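I opened a new page for this chain. My plan is to look things up one at a time and write down what I find.

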Amino acid sequence: MRELHALLLRAARFELGRRASALAQVRGEDREDLALQAADDAFVAIMGKLDGFRGESRFSTWAYKFALYEAAVRVRRRAWQHREVVLDPALWPALGDHADGPAARHERAELLTAIRELIGSALTPHQREVLVALTIQDVPIDVLAERLGSTRGALYKALHDARRALRSHLAAAGHDLAWIA
């Protein structure tokens, strides 16, 4: 157990070091505290998912990923710690058009107009809020889950449902979605 925790702590420190630019304002002891928290949470997650280890990789490789993930989550949360998350569904009309050429620009403008209208009419308020926050405002899903009192899984599901609804309505209206893939 002690060796596993030491491995997780090394992995968390590595990930925090790799993302050091996002932690420029974090002092050394706070960074070490983040690494320790990440290692602790990774340890708990590993213990909870131990039955799911299939042996397809070395145990240390499998466990290492938990620490990398937990450290990355902490970096994202820290980056958004003092930032206000404005959950304003009215921001979706700000979608831009970056197409080349007049014909492509016109085609994409029509598609973006249709998407804007569908975001307002085809999605539930929750789907709209999640879609706008995650895809337009680039709010990290961990931060959004925390602010909404939800889970990552629930937000992924809402985002998936929103995208599926938009694709379905756009395809039914005859829009070519091949370039979106």
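**Entry 1: one residue to start**

I picked Leu170 and listed its contacts, leaving aside neighbours within four places in sequence. Leu170 is in contact with Leu111, Ala114, Ile115, Leu118, His175 and Leu177. I note that this is a predicted model.

Next I looked for a second core. There is a separate one of 23 residues, and its members include Phe43, Ala45, Ile46 and Ala71.

**Entry 2: the largest nonpolar core**

I went back to the largest nonpolar core, which has 26 residues. Which members touch the most other members? I found Leu123, Val130, Leu131, Val139, Leu144 and Leu170.

H7 gives the largest share, seven residues.

In soluble globular proteins, nonpolar side chains tend to be buried together.

**Entry 3: the whole chain**

I counted the secondary structure. The protein chain has seven helices and zero strands. Along the sequence, the pattern reads α-α-α-α-α-α-α.

Is the chain compact or spread out, judged against a globule? Its radius of gyration is 21 Å. The globule rule gives 16 Å for 181 residues. The value for the chain is well over that, so the chain is more spread out than a compact globule.

I also took the box along the principal axes. The C-alpha atoms fill roughly 60 × 40 × 35 Å.

Burial came next. Of the 181 residues in the chain, 34% are buried. The chain exposes about 10900 Å², and carbon and sulfur atoms supply 53% of that area.

I checked how far along the sequence the contacts reach. I took contacts between residues at least 6 apart in sequence, and 70% of these join residues at least 24 apart.

Charges were the last item here. I found 26 positive and 24 negative side chains. The centres of the two sets lie 4 Å apart.

Arg74 sits in helix H3 (residues 59-79). Is Arg74 buried or exposed? Its relative accessibility is 10%, and the cut-off for buried is under 20%, so Arg74 counts as buried. Not counting residues up to four places away in sequence, Arg74 touches Leu34, Gln37, Ala38 and Asp41.

Arg31 is in helix H2 (residues 28-48). Its relative accessibility is 26%, so Arg31 counts as partly exposed. I listed its contacts, again not counting residues up to four places away in sequence: Leu16, Ala20, Leu23 and Val26. I also took a distance to Leu144. Arg31 and Leu144 are 113 residues apart in sequence and 23 Å apart in space, C-alpha to C-alpha.

Arg116 lies in helix H4. At 21% relative accessibility, Arg116 is partly exposed. Arg116 and Arg13 are 103 residues apart along the chain, and their C-alpha atoms are separated by 42 Å.

**Entry 4: two loop residues**

Where is Asp138? I found it in the loop between H5 and H6. Asp138 has a positive phi of about 55°, although it is not a glycine. Why does Asp138 count as exposed? The cut-off for exposed is over 50%, and the relative accessible area of Asp138 is 53%, so it passes.

Thr151 is in the loop between H6 and H7. Its relative accessible area is 47%, so Thr151 is partly exposed.

**Entry 5: a methionine**

Met47 lies in helix H2. At 32% relative accessibility, Met47 counts as partly exposed. How many residues separate Met47 and Arg147 in sequence? The count is 100, and in space the two are 27 Å apart, C-alpha to C-alpha.

Conventions. Residues numbered from 1 in each chain as written. Predicted model: local features only at pLDDT ≥ 70, side-chain atom pairs only at ≥ 80, totals over all residues. Heavy atoms only, no water. Core = buried A, V, L, I, M, F, W, Y, C linked by side-chain atoms within 4.5 Å. Buried < 20%, exposed > 50% of the residue type's maximum accessible area, 1.4 Å probe, protein only. Helix = DSSP H or I, 4+ residues; strand = E, 2+ residues; numbered from the N terminus. Contact = heavy atoms within 4.5 Å. Rg over C-alpha atoms; globule rule 2.2 N^0.38 Å. Areas by Shrake-Rupley, 256 points an atom, 1.4 Å probe, with all protein chains shown as cover. Lys, Arg positive; Asp, Glu negative; His and termini not counted. Charge placed at Lys NZ, Arg CZ, Asp CG, Glu CD.
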